[in-house]
Amino acid sequence: GPDHPEARRADGGRDALLMAKVTVDGRTVEVPDSTNVLEACRAAGVDVPHFCYHPRLSVVGQCRMCMVEIEGVPKIQASCTVPVRDGMVVLASSEKALAARNATMEFLLINHPLDCPICDQAGECKLQDYSYAYGSGDSRMVEPKRRYRYEDLGAKIVIDKNRCIHCTRCVRFTREVSGTHELTVANRGSELEVTTYAGLSMDSNPLAGNVVDLCPVGALTSRDFRFNKRVWYLKPIPTISRHSASASPIRADVDANRVWRFRPRPLG
């Protein structure tokens with residue numbers, strides 16, 4: 001970001017941002033040279049789909065959804081992992097990039113259950129949105145879908161690992177933000193799963209509710225809100241939290257003069 005120390009230099013006795021001009025699908029924008037290509041595309045008004053990337057978490061580049069072409073680079077790249085450089089030309093909507101996203105969506109949906117009608121994430125699910133925008137509309141998968149065992153995360157959070165696409169946002173949150181390390185990734189290949197470490201519960205984590213908001217699919221849901229209301233009926237109202245003196249910004253989702261849930265709200 002612009003506040004990163006490496007993005008500043010001494011210029012005439014004053015600090016100045018080092019900027020880079022990047023062209024995305026024919027539109028040129030100027031961004032700090034510490035920005036990644038995904039954020040540069042966003043600055044140019046081009047929405048690059050992504051699951052694992054989050055601006056407040058470490059970059060892992062493992063969902064492979066944000067693939068773009070970069071002029072001069074022979075292979076398509078995960079845009080979240082590539083830093084910008086001055087004069088870079090990005091083809092975010094090329095035939096090769098769209099084909100890669102289509103293949104990624106087919107892979108992610110191979111084992112994903114078709115339970116959108118009963119899923120709390122329906123209506124605000126990135127997997128639904130990207131499947132509609134970049135998916136093929138049918139599936140070549142005829143084998144039985146993989147099934148995970150039930151796991152109890154405590155009184156706050158319910159996990160449905162069959163819906164999980166292994167973006168590891170929740171794992172990185174418990175490591176990097178809350179520092180409580182309840183969640184981890186176990187096994188490899190088709191047996192990979194997000195699970196608790198040594199049976200830890202999330203009840204003692206005061207920030208546990210954030211993993212529900214971070215989850216791009218319906219794998220992590222709030223026990224308080226589960227099966228209570230469809231999200232498209234809710235009206236988000238910006239407000240502040242009354243639970244601490246820091247007045248943390250939150251959204252209150254309201255319908256019929258009742259607050260149904262709270263969600264975190266970014267500053268600004």
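Residues are numbered from 1 along each chain as its sequence is written, and side-chain values use heavy atoms, without hydrogens and water. Because the model is predicted, local features need pLDDT of at least 70 and side-chain atom pairs count only at pLDDT 80 or more, while totals for chains, interfaces and linings use all residues.

Glutamate 182 is buried (under 20% relative accessible area, 1.4 Å probe, protein chains only). Glutamate 182 has no salt bridge (a side-chain nitrogen of Lys or Arg within 4 Å of a carboxyl oxygen of Asp or Glu). The nearest side chain of opposite charge is lysine 156, 8.0 Å away; Lys and Arg count as positive, Asp and Glu as negative, and His and the chain ends are not counted. The table gives its side-chain polar contacts (N or O atoms within 3.5 Å, one able to donate a hydrogen and the other to accept it; residues adjacent in sequence count only if both atoms are side-chain atoms).

| Pair | Distance |
|---|---|
| Glutamate 182 and threonine 180 | 2.6 Å |
| Glutamate 182 and asparagine 205 | 3.4 Å |

Cysteine 125 has its nearest cysteine sulfur in cysteine 119, 6.2 Å away, and is buried at 7% relative accessible area.

How values were computed
Buried means under 20% relative accessible area, exposed over 50%, partly exposed in between (1.4 Å probe, protein chains only). A disulfide is a pair of cysteine sulfur atoms within 2.5 Å.
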